[in-house]
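Visitor: I am new to this structure and would like to learn how to read it. Could you take me through it step by step?

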Amino acid sequence: MVRTAICVLFFALALWPCAASAHNVSKRDASFVQSTRGVAIGPFLYLGAKHMLTGYDHLLFLVGVIFFLYRPKDIVQYVSLFTLGHSTTLLLGVLTGVRANSYLIDAVIALSVVYKAFDNMDGFRRFLGFEPNAKLAVFIFGLFHGFGLATKLQELVLSRNGLVINILSFNVGVEIGQVLALSIVLIGLSYWRMHKNFLRYALATNTALMAGGFILLGYQITGYLRQ
Amino acid sequence: MSTIVHEQGTQQNSEASIAGPTKQQILKATGVAFVIAVVILFTVVLPAEYGIDPLRTGAALGLTSLAKTVATPAPAAVSVTTVEHGPVVVEPGANGEAPIIKGVFVAQPNRYKIDSRELKLGPGEGMEIKYHMQAGAGMVYSWTANQKIQYEFHGEPDTKPANAGPDYFESYEKDDKVGITQSNGTFTAPSTGIEGWFWDNESGDEVTVKLVTAGFYDYILQNRDDIKTRLQPLDPK
């Protein structure tokens with residue numbers, strides 16, 4: 001009981017400072033962000049959470065990361081690393097005004113889904129003879145996910161008035177969204193793992209995941225070429 | 001406790017199966033993923049998102065119309081309001097009288113209003129003063145600040161374009177970088193709505209803004225700390 005409670009607490013704390021994935025802040029929300037002047041904690045919390053729950057590239061990556069993680073300790077470790085990477089670049093990106101082409105950043109995020117699916121197929125060990133450090137990879141892709149969002153937020157005109165508090169609120173909102181998304185994904189995965197065919201279809205599932213990553217990759221690269 | 005035992009059990013299974021897929025199986029899976037992605041991308045995603053439809057599947061499924069609506073976001077080039085301000089026509093005066101020039105003023109049924117106020121903005125504080133005006137109505141304005149202040153001159157039409165949110169506004173002039181210390185001019189409302197300034201004191205000191213206006217507006221809207229207050233303008237003596 002105590003161990004479970006500690007796990008849950010650690011989980012919540014580790015997730016606290018997370019940032020968001022890299023997708024469109026919808027048009028109407030964008031007009032809100034643009035017209036906001038001054039501190040608006042509630043709306044930015046909501047936008048952050050909504051952003052995470054509706055960001056399919058982010059959700060696909062999370063499914064890939066926790067696909068073979070069974071122990072709560074492992075999940076907490078990986079998600080914390082992802083969170084750390086994510087938050088770092090979201091905050092630094094917005095505060096320093098550094099940005100990149102959002103199509104290219106989103107293409108890298110799509111590639112992270114393909115990478116993780118290939119990793120789950122055990123592809124790296126089979127073809128390279130070793131498995132790249134999975135924790136490091138999750139951290140680095142976390143940096144890209146956060147940077148993508150920082151770029152998106154900066155495309156909107158953000159008032160410097162209350163900027164830090166608004167970005168922090170957004171960050172915390174993303175965190176809440178991530179906990180919700182993870183819960184849903186975990187519940188789904190746990191049910192499925194009880195099924196005796198889970199492992200038999202693991203390869204097929206990761207193939208589907210990889211296809212999703214490739215679709216997003218093609219979508220973003222086309223967008224980049226068209227602009 | 002039973003769940004922990006169960007989890008450990010599955011983990012052992014998973015480790016056993018991780019050794020499972022062979023090189024051929026992985027290659028095949030990757031190839032299948034790639035082919036599925038390319039097919040979906042070209043038949044569905046590209047037609048729907050960008051209107052690129054090489055296989056005509058988008059047209060067949062009616063997806064390309066989706067791309068058209070997405071590609072042209074509504075707020076561009078909307079609210080075209082013709083201000084009743086006809087072309088300037090000069091007619092020669094008959095019998096040595098003065099030439100007549102038409103279309104140089106917009107007549108109004110009522111007297112104009114005046115407003116004069118001093119606004120103090122603390123460090124990091126922003127506020128708005130806006131005037132409700134009819135399309136085509138005019139206003140002369142001057143404001144000065146005791147140090148540079150960031151601002152935006154903008155309007156919020158009463159009738160927003162379709163698809164526009166409640167926070168829709170149109171920008172006339174802004175400086176959110178360095179700021180300025182004064183602005184003077186004559187303004188003609190492009191549409192019926194509230195027209196005015198947002199000032200944003202991004203400095204560390206208090207800034208005083210002195211604003212004077214005269215024009216055909218019916219009320220003043222102050223927005224400070226997200227509290228909107230309706231203020232009454234004065235009649236000129």
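Guide: Let us begin with burial: a residue is called buried if 20 or more other C-beta atoms lie within 10 Å of its own. Please keep in mind that this is a predicted model.

Visitor: What percentage of the residues in chain B is buried?

Guide: Of the 237 residues in chain B, 21% are buried.

Visitor: How many residues of H6(A) are buried?

Guide: H6(A) is mostly covered, with 16 of its 19 residues buried. Its length can be checked too: at 1.5 Å a residue, the helix, residues 102-120, should span 27 Å, and because its end C-alpha atoms are 27 Å apart, the two values agree. Just after H6(A), Asp122(A) takes a positive phi of about 75°.

Visitor: Which residues touch the most other members of the largest nonpolar core?

Guide: In general, nonpolar side chains tend to be buried together in soluble globular proteins. Here the largest nonpolar core has 56 residues, of which Val113(A), Val114(A), Met210(A) and Phe214(A) touch the most other members. H6(A) gives this core its largest share, 10 residues, while the elements that each supply at least two residues include helix H2 (23-50) of chain B. A second, separate core of 22 residues includes Met127(B), Met139(B), Trp199(B) and Ile220(B).

Conventions. Residues numbered from 1 in each chain as written. Chains lettered and ligands numbered in written order. Predicted model: local features only at pLDDT ≥ 70, side-chain atom pairs only at ≥ 80, totals over all residues. Buried ≥ 20, exposed ≤ 12 C-beta atoms within 10 Å, placed from the backbone. Helix = DSSP H or I, 4+ residues; strand = E, 2+ residues; numbered from the N terminus. Expected span 1.5 Å × (residues − 1). Core = buried A, V, L, I, M, F, W, Y, C linked by C-beta atoms within 7 Å.
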